[in-house]
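Dear colleague,

Please find the structure below, handed over for your files. My notes on it follow.

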Amino acid sequence: MGDEQRRAVGELELDAVGVGRLAALDLEQAMRNVETVLKTAGSGLDKLVKVTILIARPQDFAGMNEAYAEFFPGNKPARAVARLGPEIPGVLISIEAVALA
């Protein structure tokens, strides 16, 4: 592997206001958090190679999926979605992302 990787691990949907209530909005905030971490590390969403999304409520998948698609209008990175483990009060979405430098 010649390309250097940057990893943004465990990004939640937290913002200055606190924890959001809708999975789609939470996904948007979590992706903005990932984007900020990647930019700080000299990378960006366009260099993502894999995203893992943990979702607390499976019934929120469709809304989360629509929000996710807005971040990647072209080619999308590999993605896995799984159920978030033990409930963390107020957390609906958690993201792990791997990107090239």
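How many residues apart in helix α1 are Lys39 and Glu35, and about what part of the helix separates them? Lys39 and Glu35 are 4 residues apart in helix α1, and therefore about one helical turn separates them. Their side chains meet in a salt bridge, with N to O at 4.0 Å; the term stands for a side-chain nitrogen of Lys or Arg within 4 Å of a carboxyl oxygen of Asp or Glu.

Before the remaining findings, two remarks on the basis of the model. This is a predicted model, in which local features need pLDDT of at least 70 and side-chain atom pairs count only at pLDDT 80 or more, while totals for chains, interfaces and linings use all residues. Residues are numbered from 1 along each chain as its sequence is written, and side-chain values use heavy atoms, with hydrogens and water left out.

Salt bridges

The structure holds 2 salt bridges. In the pair described above, Lys39 counts as exposed at 57% relative accessibility, and Glu35 counts as partly exposed at 25%. Here buried means under 20% relative accessible area, exposed means over 50%, and partly exposed lies in between (1.4 Å probe, protein chains only). Arg57 forms a salt bridge with Asp60, and the closest N and O atoms of this pair are 2.7 Å apart. Arg57 is partly exposed, with a relative accessible area of 28%, whereas Asp60 counts as buried at 16%. As a general point, side chains of opposite charge can pair when their charged atoms come close.

Overall architecture

The protein chain has 2 helices and 4 strands, and from the N terminus on its elements run β-α-β-α-β-β. Helices (H or I, at least four residues) and strands (E, at least two) are DSSP runs, numbered from the N terminus. Of the 101 residues of the protein chain, 36% count as buried. The protein chain exposes about 5,800 Å², of which carbon and sulfur atoms supply 55%; accessible areas come from the Shrake-Rupley method with a 1.4 Å probe, and for residues only the protein chains shown count as cover. Among contacts between residues at least 6 apart in sequence, 79% join residues at least 24 apart, a contact being heavy atoms within 4.5 Å.

Strand pairing

Strands β2 and β4 run antiparallel and are joined by 7 bridges. Strand β2 is also joined to β3 (residues 78–83), by 6 bridges, and these two run parallel. Two strands are taken to pair if DSSP finds at least two bridges between them. On the β4 side, Leu54 stands opposite Ser94, and Ile55 has Ile93 as its bridge partner. On the β3 side, Val51 is partnered with Arg79 and Ile53 with Val81. β4 is mostly covered, as 6 of its 8 residues are buried.

The elements β2, α2 and β3 make a right-handed β-α-β unit. A crossover is right-handed if, with the strands pointing away from the viewer, the path from the first strand over the helix to the second runs clockwise.

The nonpolar core

Which residues have the most contacts inside the largest nonpolar core? They are Leu27, Leu48, Ile53, Ile93 and Ile95, in a core of 23 residues. The elements giving two or more residues to this core are α1 (23–40), β2 (48–55), α2 (61–71) and β4 (93–100). Helix α1 supplies the largest share, 6 residues. A nonpolar core is a set of buried Ala, Val, Leu, Ile, Met, Phe, Trp, Tyr and Cys residues joined through side-chain atoms within 4.5 Å.

Not counting residues up to four places away in sequence, Ile53 touches Leu27, Met64, Tyr68, Arg79, Ala80, Val81, Ala82, Ile93, Ser94 and Ile95.

Phe71

Phe71 lies in helix α2 and counts as partly exposed at 22% relative accessibility. Leaving aside its neighbours within four places in sequence, Phe71 is in contact with Leu27, Glu28, Met31, Arg32 and Leu45. Phe71 and Met31 are 40 residues apart in sequence, and their C-alpha atoms are 8.0 Å apart in space.

With kind regards
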